Amino acid sequence: MTRIGFAYNQKPAASQLSEPVSDRPRGDDEPPSTRRDLSSRNLSTPASALAAASIAAPASVATAQDDRFAEWDGPETIDAVADALGDLGTVIRLEADDDFPAKLRASRPDIVFNIAEGLNGVNREAHVPAICEFYGVPYSGSDPFTLTLCLHKGRTKETLAFHGVPTAPFALAASLADLRLITRGETRLPVPSEKSPLFIKPVHEGSSKGITERNYITSPAALMETGEALLDAYDQPLLAETFLPGMEFTCGVLGNGKDAVVLPIVGMNFGTLPEGAVPIYGFEAKWIWDRPENPLDIFQCPADIPEALRAEIEQVVLRTYHLLGCRDWSRIDVRLDAAGAPHIVEVNPLPGILPDPADNSCLPKAARAAGLSYDELIQRCLTHAAARTGVRVPRRTPRRLEVVA
Ligand SMILES: Nc1ncnc2c1ncn2[C@@H]1O[C@H](COP(=O)(O)OP(=O)(O)OP(=O)(O)O)[C@@H](O)[C@H]1O
Ligand SMILES: [Mg+2]
């Protein structure tokens with residue numbers, strides 16, 4: 001029987017948090033698009049108060065401390081993954097806490113299934129894979145280098161741009177002085193205006209941490225004001241980009257090498273946002289405007305787009321996946337520019353995988369559209385990793401993946 005180590009970070013229970021739970025947004029890597037599972041995410045009240053404040057009062061963006069554990073997984077996700085893995089072998093739970101290296105060394109599983117997001121710094125997602133490599137234990141998903149590269153949205157875009165993969169022009173701003181250079185037109189970016197808006201965000205966060213409507217920048221003054229608040233709150237450089245005004249998609253990818261496939265594309269319908277909203281899938285859309293009594297029906301999967309555009313998106317996504325060294329699975333965000341050409345927004349080699357379809361987690365959603373159950377998605381990721389590393393696991397899913405677009 002294959003011994004499968006399962007590495008994860010579990011969100012602390014409400015009682016373990018030192019601050020009032022009502023101050024914290026909830027969520028996994030990719031927040032559910034409904035609030036139906038609020039209790040499971042250790043939060044008793046919506047994050048709307050916090051986020052509403054962040055829109056109304058420029059100084060109060062959601063701080064890094066508020067959403068420190070936002071990318072960790074809840075018990076439902078962890079149990080669901082463990083259940084799925086249980087069909088393929090004996091599952092050894094290896095919570096990625098202080099004792100992880102000792103537990104891994106003592107248990108020496110045949111392979112580790114990794115969904116651990118880590119906690120500190122831009123290398124946080126690389127910690128578990130690096131420890132696995134240190135002990136010579138094969139693991140699922142991307143390697144430490146790719147995980148760190150993709151977490152740093154600026155370095156990712158540099159790599160893509162170097163290889164001619166379309167991504168919006170950008171500049172990094174680590175200080176107020178850097179922001180001033182942008183306001184003076186001394187970078188590759190246009191001076192922000194209504195006609196040439198910019199978009200800014202913390203350079204190595206996810207789950208829309210620090211991404212609200214205020215990050216849509218149409219003046220030098222707004223760039224300085226929002227930029228200063230984000231620099232203070234997140235203690236990391238900002239990525240400033242030209243705003244991509246077109247449609248948005250997120251694309252699941254499964255597999256390796258020439259067998260890697262793009263799952264049915266998830267499209268976002270920004271027409272479902274409140275009137276006048278900036279057309280982005282940011283903090284408000286993920287955490288405020290989506291309510292059980294009035295769910296935001298923002299996703300369409302497969303996206304209803306012309307065949308030529310679908311092929312173009314798939315091509316740019318697969319190129320990105322291979323170029324950055326993604327393995328086994330990933331979720332890649334794409335937006336169209338004013339001319340309708342797909343551009344890479346960011347790459348998630350540790351994708352969100354909430355099990356409840358009501359949570360609208362995009363990779364499981366795309367897998368379902370391809371005819372794969374949640375369990376099959378998890379099992380596919382493991383079997384891809386096993387095939388790559390020469391580990392034997394029973395073949396539970398011999399069926400060829402038919403992508404229905
Ligand atoms: N250059 C851009 N032009 C237009 N919109 C953008 C741009 N960059 C980001 N956005 C918007 O902001 C959203 C969040 O950005 P991004 O995907 O980088 O953040 P994230 O927090 O890492 O997302 P996730 O929840 O997928 O981890 C995007 O889905 C998109 O709607
Ligand atoms: Mg994203």
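Guide: Gladly! In a regular strand, side chains alternate between the two faces of the sheet. In strand E3 (residues 111–114), Ile111 and Phe113 point one way while Val112 and Asn114 point the other way, and all are buried. Buried means that 20 or more other C-beta atoms, placed from the backbone, lie within 10 Å of the residue's own. Strands are DSSP runs of at least two residues (E) and helices of at least four (H or I), numbered from the N terminus. This is a predicted model, where local features need pLDDT of at least 70, side-chain atom pairs count only at pLDDT 80 or more, and totals for chains, interfaces and linings use all residues. Residues are numbered from 1 along each chain as its sequence is written, with chains lettered from A and ligands numbered from 1 in the order in which they are written.

Visitor: In which sense do E1 and E3 pair?

Guide: Two strands pair if DSSP finds at least two bridges between them. Strand E1 (residues 3–8) pairs with E3 in the parallel sense, over 4 bridges. Ile4 has Ile111 of E3 as its bridge partner, and Gly5 has Val112.

Visitor: In what order do the 3 strands form the open sheet?

Guide: The order is E2-E1-E3, with parallel pairing. Strand E2 (90–95) and E3 are the edge strands, each pairing on one side only.

Visitor: What is the average pLDDT of the protein chain?

Guide: pLDDT is the predictor's confidence in each residue, from 0 to 100. The chain averages 87, and 84% of the residues score at least 70. Where pLDDT is low, the predicted coordinates should not be read in detail. Over residues 20–29, pLDDT is below 50.

Note on methods:
Two residues are in contact if their C-beta atoms, placed from the backbone, lie within 7 Å. A residue is buried if 20 or more other C-beta atoms lie within 10 Å of its own, exposed if 12 or fewer, and partly exposed in between; C-beta atoms are placed from the backbone.
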